[in-house]
Amino acid sequence: MAKQPPEAWMARALELARRGRYTTHPNPRVGCVLVKHDRVVGEGWHERAGEPHAEVHALRQAAGNARGATAYVTLEPCSHQGRTGPCAVALIEAGVGKVEVAMADPNPAVAGRGIAMLRDAGIEVALGLLEDQARELNPGFIMRMDHGRPYVRLKMAMSLDGRTAMRSGESQWITGPEARREVQRLRARASAVMTGVESVIFDNSRLTVRPDQLALPDAEAIAARQPLRVVVDTRLRLPQAAACLREPGRTLAVAGLGVDEEHRQRLEEAGAEVLEMPIGEQGRVDLHALLTHLADVEQINDVLLETGATLAGAMLDAGLVDEMHFFMAPTLLGGEARPMFELPGLATMDQQRPLDILDIRAVGRDWRIIARPQRSSPPKA
């Protein structure tokens, strides 16, 4: 049997890391493979926050075979004591001979320390193997560390003529069950689901992950961690009877400063947590300040934005949308139906907002388009 190249072992570590895509919040997804004499002696991935990291799982599986092995790790081994011990120390104590690291830890408080600790112990460390693929695993964690805000995915269901709801606000259901299952998986990957209050008023969506619609192994366990529900509600119009207030998990109603205290108290009694934020442009909640709060205080890595044209347009206009998932149904809603975005001020072709298309594929009877706004500079912090 031909000897496997290092890329093959790191690819396996990346594959393992992906198993944690729904469960590691707020930690990054990490995989580890221990190889000795061209065979795997141990492997693991970070399964849940507060539980052992990928390296620990791999070392436990390898037992005494870890000595002299090469560890392939998708993210720099941690060097600090958190809810679990430092993985760099565990690798040193196990006697590994070499560590291949796909990417350095983007956390500025710890970046490079794990690598330095390994090298100080006499262990050879190589950095950068399949780094691009490793970065794709954790865009939210990287965004939070590098820019102080979460990574924002926008999800929209639309008709073939680019409409998201009827003029009345009625929108259920434009797309079919297969597309709705994909949306459930997007919610399960997110640390928070964000919407505008008008969307809640019109749709009364629960904004939850529903295990019966995930069609995934361990769906019940995945749905046990409900993403934070964030309702942008400048004037605090969220109905006390809103379905999202009766669901497991937390609902954060984000209002402008100086809301009516009596209304605030009634909403809190109904189950909401009210957060007052500064008012930004056009008299609405400052979206930059909100995302900074979600990153700093709530440790939110990934936000799924499910909303109407007003908030979607405001987020896009502010440079706060990183990725778009459009689910396009083979139907027409007509010119009076609601558009995807409110983007006032676009009058000439040189003002258009170009996108990079990343993927197009059929999802049941619908089509899913994944796109990214083109940027000439890094996203705003």
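Predicted model: local features only at pLDDT ≥ 70, side-chain atom pairs only at ≥ 80, totals over all residues.

Trainee: What makes a space count as a cavity and not a pocket?

Mentor: Escape of the probe. In a cavity a 1.4 Å probe fits but cannot get out, whereas a pocket is an open set. The largest cavity holds about 100 Å³. The second largest cavity holds about 30 Å³.

Trainee: Why is the largest cavity said to lie between domain 1 (6-137) and domain 2 (143-373)?

Mentor: Look at the lining. Both domains give residues to the lining of the largest cavity, so the cavity lies between them. There are 18 lining residues, with Thr24, Asn27, Arg29, Asn301 and Asp302 nearest the centre. Helix 6 and helix 7 are the elements that give two or more residues to this lining. Helix 6 has the largest share, three residues.

Trainee: What is the make-up of that lining by class?

Mentor: The lining of the largest cavity has five nonpolar, eight polar and five charged residues.

Trainee: Which residues line the second largest cavity?

Mentor: Arg153, Leu186, Arg189, Ala190, Asp302, Val303 and Leu304. Helix 7 and strand 12 (302-306) each give two or more residues to the lining of the second largest cavity. Strand 12 gives the largest share, three residues.

Trainee: Now the second largest pocket. What is its volume?

Mentor: About 1200 Å³. The second largest pocket is lined by 36 residues. Glu136, Pro139, Tyr151, Glu323 and Arg372 lie nearest its centre.

Trainee: How do you know that both domains take part in the second largest pocket?

Mentor: Its lining draws at least three residues from each of domain 1 and domain 2. Several elements supply at least two lining residues each, including helix 5 (131-137), strand 6 (151-158) and strand 16 (366-373). By class, the lining has 13 nonpolar, five polar and 18 charged residues.

Trainee: What joins the domains, then?

Mentor: Start with distance. The C-alpha centres of domain 1 and domain 2 lie 34 Å apart. Next, contact: 12 residues of domain 1 touch 15 residues of domain 2. The test for contact is heavy atoms within 4.5 Å. Between them the domains bury about 1100 Å², 54% of it on carbon and sulfur atoms.

Trainee: Which three residues supply 59% of the area that domain 1 buries against domain 2?

Mentor: Tyr22, His25 and Pro26, which supply more than any other three residues.

Trainee: Why is the pair of Asp146 and Arg135 called a salt bridge?

Mentor: Set the distance against the cut-off. The closest N and O atoms of Asp146 and Arg135 are 3.9 Å apart. A side-chain nitrogen of Arg must lie within 4 Å of a carboxyl oxygen of Asp or Glu, so this pair qualifies. The count between domain 1 and domain 2 is one salt bridge.

Trainee: How many salt bridges does the structure hold?

Mentor: The structure holds 22. One of them pairs Glu306 with Arg187, with the closest N and O atoms 2.7 Å apart.

Terms used. Residues numbered from 1 in each chain as written. Heavy atoms only, no water. 1 Å grid on protein atoms, 1.4 Å probe; cavity = no way out; pocket = protein on both sides within 12 Å on 5 of 7 lines; lining within 4 Å. Points joined across faces, edges and corners; volume = space filled by probe spheres on them. Helix = DSSP H or I, 4+ residues; strand = E, 2+ residues; numbered from the N terminus. Nonpolar A, V, L, I, M, F, W, Y, C, P; charged D, E, K, R; others polar. Domains from an automatic or database assignment. Buried area = accessible area lost by both parts, 1.4 Å probe.
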